[in-house]
Amino acid sequence: MEFRNRLMIALGRALEATTANGQRGFGWTRLATMRSRVEGKTHTYVIAARPSDKLGCELGCSCPHWLFRLRQKGDGTLCKHQQLFLAHQEGNAPRKGVWLYSAGVAFLDQFRKV
């Protein structure tokens, strides 16, 4: 199945499982938080998803690279944090620094099944 279709189906499951704390403005649903270490400093970023007319499902990240570069492209290019989030579900050992919201658990469970 095409990657974008898998994301849309997984987003539907995440929306069913989300809590009030997981819902944010502009239709975003929080899936996970992720710690990232750059130049000796630790940053925490939020991975979220929302429905998109253009892409079907848009994955977002609060990192500057996604916010100011990749998001502007509008083609669904994923940042390294989004890629690590999706890799988290592939049966690998849990990634250090990744905390999943209930919607994120549901998203990855469904993404794995499709």
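Predicted model: local features only at pLDDT ≥ 70, side-chain atom pairs only at ≥ 80, totals over all residues.
Is Thr29 buried or exposed? Thr29 has a relative accessible area of 0%, and because anything under 20% counts as buried, Thr29 is buried.

**Stop 1: strand S1**

Thr29 belongs to strand S1. Show the residues that Thr29 contacts, leaving out neighbours within four places in sequence: Leu15, Thr18, Gly22, Gln23, Ile47, Ala48, Ala49 and Ala103.

Now move along to Thr33, which also lies in strand S1. With a relative accessible area of 17%, Thr33 is buried because the value is under the 20% limit. Beyond four places in sequence, the contacts of Thr33 are Thr44, Tyr45, Val46, Gly97, Val98, Trp99 and Tyr101.

**Stop 2: Ala48 in strand S2**

Select Ala48, which is part of strand S2. Its relative accessible area is 9%, so Ala48 is buried. If neighbours up to four places away in sequence are not counted, Ala48 touches Trp28, Thr29, Arg30, Leu31, Glu58, Leu59 and Gly60.

**Stop 3: the largest pocket**

Which residues line the largest pocket? Select Arg24, Gly25, Trp28, Arg30, Val46, Ala48, Gly60, Cys61, Ser62, Trp66, Leu67 and Arg71. Strands S2 and S3 and helix H2 each give two or more residues to this lining. The largest share, three residues, comes from H2. Colour the lining by type to find six nonpolar, three polar and three charged residues. The space in this pocket is about 180 Å³.

**Stop 4: the largest nonpolar core**

Next, turn to the largest nonpolar core, which has 27 residues. Start with the residues that have the most contacts inside this core: Leu31, Leu59, Phe85, Leu86 and Phe107. The elements that supply two or more residues to the core are helix H1 (3–17), strands S1 (29–38), S2 (41–52) and S3 (56–61), and helices H2 (64–73), H3 (80–87) and H4 (102–113).

Pick out Phe85 from this group and display what surrounds it. Setting aside residues up to four places away in sequence, Phe85 touches Leu31, Ala32, Met34, Ile47, Leu100, Gly104, Phe107 and Leu108.

**Stop 5: Ala87 in helix H3**

Ala87 is a residue of helix H3. Ala87 is buried because its relative accessible area, 13%, is under 20%. Draw a distance from the C-alpha of Ala87 to the C-alpha of Ala106; the value is 15 Å, for two residues 19 places apart in sequence.

**Stop 6: helix H4**

How far apart are the end C-alpha atoms of H4? They are 17 Å apart. At 1.5 Å a residue, the 12 residues of this helix should span 16 Å, so the two values agree.

Select the buried residues of H4: Ala103, Gly104, Ala106, Phe107, Leu108, Gln110 and Phe111. An α-helix has 3.6 residues a turn, so residues three or four places apart point the same way. Look along the helix axis with this in mind. The buried residues of H4 pack against helices H1 and H3 and strands S1, S3 and S4 (98–100).

Ala103 is among the buried residues of H4, while Thr29 lies in S1.

Definitions and conventions:
Residues numbered from 1 in each chain as written. Heavy atoms only, no water. Core = buried A, V, L, I, M, F, W, Y, C linked by side-chain atoms within 4.5 Å. Buried < 20%, exposed > 50% of the residue type's maximum accessible area, 1.4 Å probe, protein only. Helix = DSSP H or I, 4+ residues; strand = E, 2+ residues; numbered from the N terminus. Contact = heavy atoms within 4.5 Å. Expected span 1.5 Å × (residues − 1). 1 Å grid on protein atoms, 1.4 Å probe; cavity = no way out; pocket = protein on both sides within 12 Å on 5 of 7 lines; lining within 4 Å. Points joined across faces, edges and corners; volume = space filled by probe spheres on them. Nonpolar A, V, L, I, M, F, W, Y, C, P; charged D, E, K, R; others polar.
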